[in-house]
Amino acid sequence: MRTVILATLPGVAALVYYFGAGVLVNLAIGAVTALACEALAVTLRGRCVAAALGDYSALVTATLLCIALPPYLPWWLVVLG
């Protein structure tokens, strides 16, 4: 999954170039929210949080969602997504 995240970097760079830093704000909010929700769900199931977050699947999901959203979308819609 780290390879998938690395593969999105050129596209993210192009989005930032054309649409501004709002893309990076969306990515940061989305990543924090996805990791927090994943950690909460894994904790409630009684599993190892480090192993679940270590596969980067939540980050890939957050990245793909956030690059599809408009750059200056309100933060609460990114969190809701």
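**Whole chain**

Start with contacts across the whole protein chain. Among those between residues at least 6 apart in sequence, 67% join residues at least 24 apart. Contact here means heavy atoms within 4.5 Å.

Two notes on the source. This is a predicted model, in which local features need pLDDT of at least 70 and side-chain atom pairs count only at pLDDT 80 or more, while totals for chains, interfaces and linings use all residues. Residues are numbered from 1 along each chain as its sequence is written, and side-chain values use heavy atoms, with hydrogens and water left out.

Switch to cartoon view. The protein chain has five helices and zero strands. Along the sequence the pattern reads α-α-α-α-α. Helices (H or I, at least four residues) and strands (E, at least two) are DSSP runs, numbered from the N terminus. Along the principal axes, the C-alpha atoms fill a box of roughly 45 × 30 × 15 Å.

Now colour by accessibility. Of the 81 residues in the protein chain, 27% are buried. The cut-offs for relative accessible area are under 20% for buried, over 50% for exposed, and partly exposed in between (1.4 Å probe, protein chains only).

**Helices α1 and α2**

Select residues 2-19, helix α1, and residues 22-45, helix α2. At what angle do they pack? The angle is about 130°, and the axes are 8 Å apart. That makes α1 oblique to α2. Axes are lines fitted to C-alpha atoms, for helices over the stretch in contact, and angles run from 0 to 180 degrees between N-to-C directions. Angles under 35 degrees count as roughly parallel, over 145 as roughly antiparallel, 65 to 115 as roughly perpendicular, and the rest as oblique.

Show side chains at the contact. From α1, pick Val12, Leu15, Val16 and Phe19; from α2, pick Val23, Leu24 and Leu27. By class, the contact of α1 with α2 has seven nonpolar, no polar and no charged residues. The nonpolar class is Ala, Val, Leu, Ile, Met, Phe, Trp, Tyr, Cys and Pro; Asp, Glu, Lys and Arg are charged; the others, Gly among them, are polar.

Stay on Val23. Not counting residues up to four places away in sequence, Val23 touches Leu15, Val16 and Pro71.

**The core**

Which residues form the largest nonpolar core? Select Val12, Val23, Leu27, Cys66 and Val78, five residues in total. Such a core is a set of buried Ala, Val, Leu, Ile, Met, Phe, Trp, Tyr and Cys residues joined through side-chain atoms within 4.5 Å.

Go to Asn26, in helix α2. Is Asn26 buried or exposed? Asn26 is buried, with a relative accessible area of 1%. Leaving aside neighbours within four places in sequence, Asn26 is in contact with Cys66, Leu69, Pro70, Pro71, Leu73 and Val78. Draw a distance to Pro71: its backbone oxygen lies 3.4 Å from a polar atom of the Asn26 side chain.

Next, select Gly22, also in helix α2. Gly22 counts as buried, at 1% relative accessibility. Beyond neighbours within four places in sequence, Gly22 is in contact with Pro71 and Tyr72. Leu73 is 51 residues away along the chain from Gly22, yet their C-alpha atoms are separated by 8.0 Å.

Return to helix α1 and pick Thr8. Thr8 is buried, with a relative accessible area of 14%. Residues up to four places away aside, Thr8 touches Thr63 and Leu64.

Then move to Ala62, in helix α4 (residues 57-68). Ala62 counts as buried at 7% relative accessibility. Show Gly30, Ala31 and Ala34, which Ala62 touches, not counting residues up to four places away in sequence. From Ala62 to Ala34 is 28 residues in sequence and 6.1 Å in space, C-alpha to C-alpha.

**Around α3**

Select Leu53, in helix α3. At 27% relative accessibility, Leu53 counts as partly exposed. With residues up to four places away not counted, Leu53 touches Leu35, Glu38 and Ala39.

Last stop: Tyr56, in the loop between α3 (49-53) and α4. Tyr56 counts as partly exposed, at 28% relative accessibility. Check the backbone here. Most residues other than glycine have a negative phi. For Tyr56, phi is near 65°, a positive value.

Terms used. Polar contact = N/O pair within 3.5 Å; in protein donor to acceptor, adjacent residues only side chain to side chain.
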